[in-house]
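Please read the following note with the sequence and the model at hand. The points are numbered so that each can be checked separately.

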Amino acid sequence: MWWSRKFASRSLRLHRLKSTGSTAPREPEQSLGIIGVPFAKGQAKQGVELAPDLLRQSSLRQVLQSSHDGLVIRDYGNLQYAVDEPLLQQQRVHYHHIRNYADFMACNRALIEQVKLMLVENTQFLAIGGDHAIGFGSVAGHLQHTPNLSLVWIDAHADINLHSTSQSGNIHGMPVSFLLEQLRNTWQHAGLQEIAPNW
């Protein structure tokens with residue numbers, strides 16, 4: 001995590017300063033926007049939607065604050081979204097074999113807009129899920145703000161399954177497939193050209 005690297009880097013600088021008798025320069029201000037995304041419909045089990053609030057109750061803010069002297073934290077609460085009729089129509093006609101497609105897309109569309117807002121108002125953001133399905137909106141929103149974004153996806157699975165090949169229908173195993181230009185045609189009815197830049 002970026003704050004872990006910051007903490008390690010700062011500790012090393014302080015050690016060097018102590019050994020030379022110098023005083024530490026003030027670090028430039030960094031700001032972090034936090035959004036909770038209590039979404040659990042990308043798979044069949046419940047419980048992951050509790051994570052944003054449980055992490056807050058377990059001193060998440062204090063842990064983050066301790067990593068950087070000048071860190072300004074803005075907590076935007078938990079994401080809200082509403083499923084509209086066009087998404088339900090897409091689900092009924094094209095993606096009925098996926099679990100909760102309409103909820104997935106409504107949540108991620110809202111998350112895309114929230115990420116864009118947080119990056120306008122902050123230097124970093126942290127999205128707390130929820131299941132893997134929110135990876136689509138987190139990255140797509142960042143791409144809209146920062147088109148030359150580079151991403152390292154670290155997971156036990158590639159999360160690149162397709163609606164046409166998934167046996168479970170669990171959409172939490174598909175978020176990367178919504179982002180890749182090479183797979184855009186497999187989601188031709190999802191309106192991705194409006195919300196997710198080709199990557």
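Predicted model: local features only at pLDDT ≥ 70, side-chain atom pairs only at ≥ 80, totals over all residues.

1. Asp53 is partly exposed because its relative accessibility is 37%; buried means under 20% relative accessible area, exposed over 50%, and partly exposed in between (1.4 Å probe, protein chains only).

2. Residues are numbered from 1 along each chain as its sequence is written, and side-chain values use heavy atoms, with hydrogens and water left out.

3. The protein contains six helices and three strands, arranged along the sequence as α-β-α-α-β-α-α-β-α. Helices (H or I, at least four residues) and strands (E, at least two) are DSSP runs, numbered from the N terminus. Of the 199 residues in the protein, 42% are buried.

4. How many salt bridges does a search of the whole structure find? The search finds five. One of them joins Asp103 to Lys41, with the closest N and O atoms 3.4 Å apart. Asp103 lies in helix 5 and Lys41 in the loop between strand 1 (30-37) and helix 2 (51-57), so this pair ties together parts that are 62 residues apart in sequence. Asp103 is buried, with a relative accessible area of 16%, whereas Lys41 is partly exposed at 35%.

5. Glu113 and Lys116 also meet through their side chains in a salt bridge (3.4 Å, N to O). Being three residues apart in helix 5, they are separated by about one helical turn. Glu113 is partly exposed at 46% relative accessibility, and Lys116 is partly exposed at 25%.

6. The three strands of the open sheet stand in the order 2-1-3, with parallel pairing; two strands pair if DSSP finds at least two bridges between them. Strand 2 (71-78) and strand 3 stand at the edges with a single partner strand each, so one side of each has no neighbour in the sheet. On average, neighbouring strands are turned by 20° against each other, direction ignored. Six bridges join strand 1 to strand 3, and Gly36 stands opposite Ile128 in strand 3.

7. Helix 5 packs on the sheet and touches strand 1, strand 2 and strand 3; its direction makes about 165° with that of strand 1. Here contact means heavy atoms within 4.5 Å, and axes are lines fitted to C-alpha atoms, for helices over the stretch in contact, with angles running from 0 to 180 degrees between N-to-C directions.

8. Which elements do the buried residues of helix 6 pack against? They pack against helix 5 (101-121) and strand 3 (124-129). Helix 6 (residues 135-145) is mostly covered, with eight of its 11 residues buried; among them are Phe136, Val139 and Leu143.

Key:
Salt bridge = Lys/Arg side-chain N within 4 Å of Asp/Glu carboxyl O.
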